[in-house]
Amino acid sequence: PGVSTQSRPPVQAAGSGATARGDAWFYQRCSLCHMGRIVKDETYEPMAPKLDGLLKDAAPDREKLVREQILRGSLRMPGFRYNFTPAEFAELMLYLKTL
C-alpha cells in the first residue's frame with residue numbers, strides 16, 4: 001500500500017540508518033530530475049529545482065506543502081503516493097531535511 005494523501009500523523013523515522021535509507025530513496029526516485037549530471041566531462045544543470053535547504057529548519061506548514069507536492073505531483077512531476085510505504089516516505093522526508 002502507498003502513502004495516503006489523507007491527513008494522518010507522519011510516521012517518525014529515527015537514527016542514521018533511516019537517513020541513509022532516505023538518501024537511497026532520493027537517489028532512486030528523485031535524483032534524475034533534481035540533481036545535475038556529468039556526461040563525458042560536460043556538466044548539466046538539473047531539470048527540476050535543486051532541493052538543497054528546502055526543508056532545513058522548515059516550519060511545519062512548509063514541510064506539509066512539500067509532502068503534498070511529492071505525494072500528488074504536478075504537471076511536470078509525477079506523484080509518488082503509491083511508490084512509498086509510510087516508513088519509506090518518512091525516511092525520504094528525514095533525508096530531505098539534511099540537504
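The buried residues of helix α4 (86-96) pack against α1 and α3, where buried means under 20% relative accessible area, exposed over 50% and partly exposed in between, with a 1.4 Å probe and protein chains only. Helices here are DSSP runs of H or I with at least four residues, strands are runs of E with at least two, and both are numbered from the N terminus. This is a predicted model, in which local features need pLDDT of at least 70, side-chain atom pairs count only at pLDDT 80 or more, and totals for chains, interfaces and linings use all residues. Residues are numbered from 1 along each chain as its sequence is written, and side-chain values use heavy atoms, with hydrogens and water left out.

**Helix α4**
- Of the 11 residues of α4, 8 are buried, so this helix is largely enclosed by the rest of the structure.
- Those buried residues are Glu 88, Phe 89, Ala 90, Glu 91, Leu 92, Met 93, Tyr 95 and Leu 96.

**Helix α1**
- In α1, Ala 18, Gly 22, Trp 25 and Phe 26 are buried.
- Looking down the axis of α1, these buried residues fall within an arc of 100° (taken from the directions from the helix axis to the C-beta atoms), so they line one face of the helix.
- Ser 16 and Gln 28, on the other side of α1, are exposed.
- The buried residues of α1 pack against α2 (31-34) as well as α4.

**Where α1 meets α4**
- The two axes, α1 and α4, come within 7 Å and cross at roughly 90°; axes are lines fitted to C-alpha atoms, for helices over the stretch in contact, and angles run from 0 to 180 degrees between N-to-C directions.
- Helices α1 and α4 are therefore roughly perpendicular to each other, a label for angles of 65 to 115 degrees, while under 35 is roughly parallel, over 145 roughly antiparallel and the rest oblique.

**Glu 63 in α3**
- Glu 63 lies in helix α3 (residues 60-72), and at 14% relative accessibility this residue counts as buried.
- Setting aside neighbours within four places in sequence, Glu 63 is in contact (heavy atoms within 4.5 Å) with Leu 55, Met 93 and Lys 97.

**Asp 57 in a loop**
- Asp 57 is found in the loop between β2 (42-44) and α3, and counts as exposed at 79% relative accessibility.
- Most residues other than glycine have a negative phi.
- Asp 57 has a positive phi of about 55°, although it is not a glycine.
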